[in-house]
Every structure is written in C-alpha cells, then in structure tokens.
Amino acid sequence: MESHRIRIAIVTSLLAILFLAIVGRLFQIQVLEGSTYAKRSTAQSRDREIIHATRGQILDRSGNCLSRSIDSAISVNGKMFAESGDSVPVHKGRSLTKRVYPYGNVAGSMIGWTGADGSGLGGVEYAYDKYLRGQDGWEIVSRDGRNRRYARLGLPTQSAVNGADVKLTIDLEVQKIAEKVLAETVRKYAAKKGTCVVADPWTGRILAMANYPDFNPNIWRNFSDDDRQNGCIARMYEPGSTFKVITASAALQEKIESENDTLDANNGIFEIYGQTIHDDEPHGRISFTEALSYSSNVCFAKIAGKLGEKNLYSYAINFGLGTPSGLGLPGEAGGIVHPIEKWSGRTLVTMAMGQEVMATLMQMVMAFSAIANGGILLEPLVVEGVGGDRHIDGDLFEPHAKRRVISAETASRMRAMMKQVVNFGTAKTISLSGMSLAGKTGTSQKIDPTTGTYSRSKVWSSFIGFVPAENPMLVCGVMIDEPTIGGGFGGTVAAPAFEQIVKQIVSHPELEFAEKLLEAGNLDSSAVHAKTTVLQKKVPDLCGLDTASANKAIAKAGLAFEIIGDGIKIEQQTPSAGSSMAVNGKVILYTARQSRSGFG
C-alpha cells in the first residue's frame with residue numbers, strides 16, 4: 001500500500017514538473033520572446049513578390065506593331081504553368097509573358113529577338129533593351145494557413161514601370177517589298193545570299209533592311225548565328241565598280257577630270273604595275289562620263305594614277321568606309337580600308353576599281369546618299385524615337401550630318417553622270433516609266449580561299465541607285481552574293497531587283513512617294529496608273545469575335561489573315577478596323593489566352 005502511494009507521488013511530481021516546464025516554456029515564448037516569434041510568424045505568412053514590367057513594343061514608322069509581349073502562362077488547378085507545356089510550374093520572379101513577332105520573318109534580323117528571361121539578344125531588341133524592358137516592381141503579400149495568397153492594405157509596394165515603345169524609321173510596306181523582290185532574285189539566280197537597304201538620302205532614315213535567307217524571331221533557336229545575322233551591316237564585301245562613284249567624285253572635286261574629258265580605253269587592255277587590266281567590252285577614246293557609264297577599268301586605272309594615293313585614301317575614308325556607319329545596331333562591321341603604308345604597288349589601281357577594299361552595303365548606301373543629297377555624309381537612322389520622345393538620356397534620334405564630302409556642285413554633276421549609267425551604260429536594261437533613274441553597277445570577284453586569287457566564278461553582284469535622278473527621294477542598294485545563273489553581272493542581276501523595288505514602292509497605294517513625286521513634277525501621272533487601279537478593301541472589326549466568326553467575317557471581306565496565339569477570342573488586330581488595305585495584304589489577329597483546368 002505504501003509503495004502504491006509512493007508511485008502516485010512520483011508520477012504526480014513528474015506531471016507537475018512537466019506542467020511547470022510547459023508553462024515556463026509558454027511564458028518564455030509568449031512573454032519573454034513573444035516579439036521575436038511574432039516577427040517570425042509574420043515573415044512566414046508574408047512574401048515579397050515581383051510585379052513584372054511589360055516590355056515595350058517595337059513599331060514601324062506608321063505605328064504597325066513589329067514586336068510585342070503577350071501572356072504566356074496557363075492556369076492548371078489554380079497553379080500557373082509556362083506555355084511550353086513542360087508541366088513545370090512558373091517560379092516566383094519568372095516572367096509570364098512571351099515575345100511575339102506578328103509578321104514572322106519580316107525584318108527579323110533587324111528587329112532581333114529576346115531570351116527566356118525577356119532580355120534582348122539581337123537587333124533592336126538588344127540595342128534598345130534599356131528602354132524596352134522597363135523596371136519590375138514588387139509587393140508584400142500575406143498567406144493564410146492554407147497558403148492562399150491575399151493582399152492587405154497598408155503593406156509596402158513598388159509599382160512596376162512598363163517599358164517604352166521604340167518607334168523605328170522602317171516602313172513595314174517598303175520592308176515587305178524589298179524582302180519579296182530580294183528573295184525572288186536570290187532564287188532566280190541560284191545565289192547564296194542577298195541584302196538590300198532602302199533609305200531617305202536627305203535624313204539618313206532607313207526605310208528597309210532586307211536579308212535573304214531570312215529568319216523568324218518567334219522561333220529563333222531554329223536558326224544558326226549566321227542565319228540571324230543582319231547582313232546589311234555585318235557582311236563585308238568588295239564593292240567593285242560601285243566604288244568607282246567615289247573615285248569619280250574625287251576626280252571631279254579635285255578638278256582632275258571633267259565630264260567631257262576624253263581618256264584612251266586602250267581597247268580594253270592596259271598593262272600597269274606588272275598586271276593586266278581588262279574591260280568587259282573594248283573601247284577606244286571615250287569621255288569621262290562614258291568611262292563611268294561603261295565601267296571601264298582601264299580608264300579608272302589611269303584616273304587613279306592622276307588622283308594619287310593620298311587623295312584616293314582620303315575620299316574613301318571621308319565617304320564613310322573603314323568605320324561603322326553609326327547605325328547603333330549590334331554586329332556592325334567597319335569595313336576595311338588599308339592605310340597607305342600597307343599598300344602594295346597595285347593597290348592604288350585596284351582600289352580605284354573597288355578591289356582591295358571592303359565595305360558593308362549600309363556604308364555604300366550612305367556614300368551614295370551623300371551624292372544624292374548634295375554632298376553631305378549622314379549617319380543612318382533606324383530609330384525614330386522612344387516612347388514618343390526623340391531625345392532621351394542623351395540619345396538623339398534625329399538626322400545627324402557627319403561631314404561634307406564633296407561640294408553641292410560636284411554632287412549635282414555626279415548625279416548627271418550616274419543617270420547616264422542607266423540611260424546607255426551598264427544598267428541600260430532598267431527603266432521606270434515617267435521617272436529618271438541614276439546609279440552604278442558593281443560586279444566584284446571573290447577571293448578563292450584555296451588559291452588566294454580572285455575567283456572566275458564566284459562574285460558579288462550589286463547595284464546602288466536613287467530616284468529620281470535630279471532630286472532623289474529614295475536611295476536603294478541591292479547586293480547578291482554568288483549568283484550562279486545569268487553571268488552574275490550587276491547590270492543583269494542586281495539592277496533589275498533595284499528597278500522592281502523602286503517601281504513597287506512608288507506605286508504602292510499606302511505609301512506617299514508617288515504623290516510627292518507628282519507634286520514635284522518628277523513623275524508623269526501615267527506612270528502611277530497602278531496606284532489608282534490597285535483594289536483596296538476595308539478591314540472589318542474583328543475584336544471580340546471568336547476565331548470561327550472572325551474567319552467567316554474576314555473571308556467575306558476578301559482578305560488574307562493570320563492568327564497569332566491559340567486562344568478562342570480575338571483580342572487585337574492589325575491593321576485596325578476601318579483601315580484601307582490592298583487586296584493582297586494580310587490582317588494579323590491576336591487571340592486572348594483562355595484558362596485551362598488541366599492538360600489536354
């Protein structure tokens with residue numbers, strides 16, 4: 001009996017001690033360390049979440065959207081998943097948007113692309129990333145016992161600042177024309193590649209930069225680095241006879257030659273510095289103007305001797321060769337103009353004809369623009385403004401003159417000489433009804449990497465010109481890399497492409513060039529008959545319709561269309577409702593993403 005009471009006493013004592021320990025611990029937690037644990041509880045029930053900034057759009061000069069961000073996450077049983085369909089939940093801090101390029105391959109290498117984190121990786125997306133990306137914000141949110149997120153008033157927050165839109169000088173319609181003609185030319189002549197630049201010679205604004213083969217930034221990982229390269233600014237080539245325009249400008253400016261001065265073309269053969277210079281066609285005594293029109297290598301070899309090394313080198317540099325054009329896009333090459341001390345005995349002669357010098361098509365187009373505008377070398381512009389502003393953080397998005405390279409008089413005389421290249425010279429196969437053209441052909445042999453000498457079959461075929469010849473409004477350059485059909489000459493391969501591009505631009509119903517040319521008296525009204533007879537359609541209002549209804553409505557309107565996204569409802573459209581567009585145009589429709597209850 002006594003032992004039983006002892007056991008009860010022991011158990012009671014232990015329970016009392018345990019109770020006192022619990023009470024003491026509770027006192028310590030709730031009273032002595034209460035504030036500490038309260039802070040821990042609050043921290044565990046609150047979270048700092050990122051408010052993602054929306055990346056700005058990239059627009060063409062008319063406001064057409066070339067790049068935008070859309071929702072790219074789907075809801076599955078209350079959780080957010082990436083659109084890729086890989087069943088991986090979207091983690092905190094990861095963007096729920098996807099970059100979309102509505103026109104696919106159009107201007108892909110110039111616009112650029114973005115990575116998985118939304119940062120720009122190429123083209124305008126990379127160069128103007130600091131404006132486009134905006135600034136993420138954050139907010140403090142609370143969670144209940146079931147980990148459900150809810151917001152509480154009074155908690156700190158920082159609003160996101162959305163990225164600014166970047167408006168380009170590029171014109172979507174001009175870009176599409178240049179790309180279409182370029183692709184047709186490359187395929188027609190079984191060439192390797194092609195590039196084209198269209199510019200306003202008075203402001204330096206670039207209206208089109210086309211490359212073929214092209215690439216689609218929506219699926220950029222499917223293309224190689226070379227495919228994504230903007231060849232207009234990144235690929236160097238020997239300009240060949242288009243460089244003769246620089247040589248001729250120097251000869252006129254330095255009063256070494258005049259238009260009617262005669263030179264002996266030696267029946268197309270000339271020995272100098274241990275090498276034989278050949279012309280494609282033999283000529284006797286011809287004028288300086290004819291030497292440029294016929295692209296006589298013999299005559300320009302003789303002109304080079306009169307001009308001298310210092311003059312030729314100086315004019316090449318002043319016309320913008322040897323340094324990047326200043327366009328401001330990544331990957332731009334500076335070209336190659338060797339310093340005089342590294343010249344060989346033949347460099348003076350070969351450089352005057354466009355060999356032993358490397359340039360980009362952009363550099364050559366800007367050099368020709370200087371002749372077109374009266375002698376001023378401009379810095380090319382591809383961005384018109386950011387968020388409607390032309391002057392942000394010291395960046396000036398306005399025309400900028402680098403320097404005067406020749407006098408206005410010399411430029412005028414050069415335009416007249418270049419007009420004869422089209423009238424009776426190497427580009428006489430091209431014309432534009434009611435309008436004068438001017439330009440220069442180029443056919444330059446490529447170096448054979450095996451022999452180290454110029455190839456007999458691999459060439460760069462080019463033509464750079466402007467329209468109209470007397471008071472140019474547009475400058476266009478076309479370069480075709482390694483055409484294998486048709487002889488590869490600039491006059492038979494590249495010049496016809498120039499002709500088609502210019503013709504389609506000035507007759508396009510949505511562009512202003514024909515009206516301006518008519519107002520200036522540079523174009524006969526009969527030459528723009530295509531403009532007044534091109535059928536146009538009104539774009540219907542498709543926003544809010546489901547895709548099936550939109551399909552019927554746009555088919556009834558007789559227009560082609562493309563749907564971006566896989567939702568069932570139209571969110572936005574380009575062009576906007578009520579706009580007029582040519583019957584061969586295309587309406588782009590954006591669908592709103594719908595939430596899903598599970599994977600299909």
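Q: What makes the pairing of Thr-410 and Gln-253 a polar contact?
A: In this predicted model, their side chains are joined at 2.7 Å. The cut-off for a pair of N or O atoms is 3.5 Å. The distance of 2.7 Å is within it, so the pair counts as a polar contact.

Q: Why is Thr-410 called buried?
A: Thr-410 has 3% relative accessibility. Buried means under 20%, so Thr-410 counts as buried. Thr-410 lies in helix H15, residues 408-423. Beyond its neighbours within four places in sequence, Thr-410 is in contact with Ser-249, Leu-252 and Gln-253.

Q: What makes Arg-413 and Glu-409 a salt bridge?
A: Their side chains meet at 4.0 Å, N to O. The limit is 4 Å between a nitrogen of Lys or Arg and a carboxyl oxygen of Asp or Glu. Both residues lie in helix H15, 4 residues apart, about one turn of the helix. In an α-helix, residues three or four places apart point the same way.

Q: What does the salt bridge of Asp-481 and Lys-446 tie together, and why?
A: The side chains meet at 2.8 Å, N to O. Asp-481 lies in strand E24 and Lys-446 in strand E22, residues 438-447, so the pair ties together parts that are 35 residues apart in sequence. Asp-481 and Lys-446 are both buried.

Q: What makes Arg-55, Arg-99, Glu-125, Asp-129 and Arg-133 one network?
A: Salt bridges that share partners join these residues.

Q: Why is Gly-491 called buried?
A: Gly-491 has 6% relative accessibility. That is under 20%, so Gly-491 counts as buried. Gly-491 is found in the loop between strand E24 (474-481) and helix H16 (494-506). Leaving aside neighbours within four places in sequence, Gly-491 is in contact with Thr-426, Thr-429, Thr-441 and Pro-496. Thr-443 is 48 residues from Gly-491 in sequence and 8.4 Å away in space, C-alpha to C-alpha.

Q: How do you know that strands E11 and E12 pair?
A: There are 6 bridges between E11 (residues 193-199) and E12. Pairing takes at least two, so these strands pair. They run antiparallel. Thr-195 stands opposite Asn-211 in E12. The hairpin has 6 residues between the strands, and Gly-204 takes a positive phi near 80°.

Q: What makes strand E12 mostly covered?
A: Of its 7 residues, 206-212, 6 are buried.

Q: What makes E6 and E18 edge strands?
A: The open sheet has 5 strands in the order E6-E3-E2-E10-E18, with mixed pairing. Strand E6 (97-100) and strand E18 (383-386) each pair on one side only. E6 is joined to E3 (residues 65-71) by 4 bridges, and the two run antiparallel. Arg-68 has Val-100 in E6 as its bridge partner.

Q: Which residues have the most contacts inside the largest nonpolar core?
A: They are Met-110, Val-198, Met-209 and Val-478, in a core of 135 residues. Helix H14, residues 361-372, gives the most to this core, with 10 residues. A second, separate core has 9 residues, including Val-539 and Leu-542. Nonpolar side chains tend to be buried together in soluble globular proteins.

Technical notes: Residues numbered from 1 in each chain as written. Predicted model: local features only at pLDDT ≥ 70, side-chain atom pairs only at ≥ 80, totals over all residues. Heavy atoms only, no water. Buried < 20%, exposed > 50% of the residue type's maximum accessible area, 1.4 Å probe, protein only. Contact = heavy atoms within 4.5 Å. Core = buried A, V, L, I, M, F, W, Y, C linked by side-chain atoms within 4.5 Å. Polar contact = N/O pair within 3.5 Å; in protein donor to acceptor, adjacent residues only side chain to side chain.
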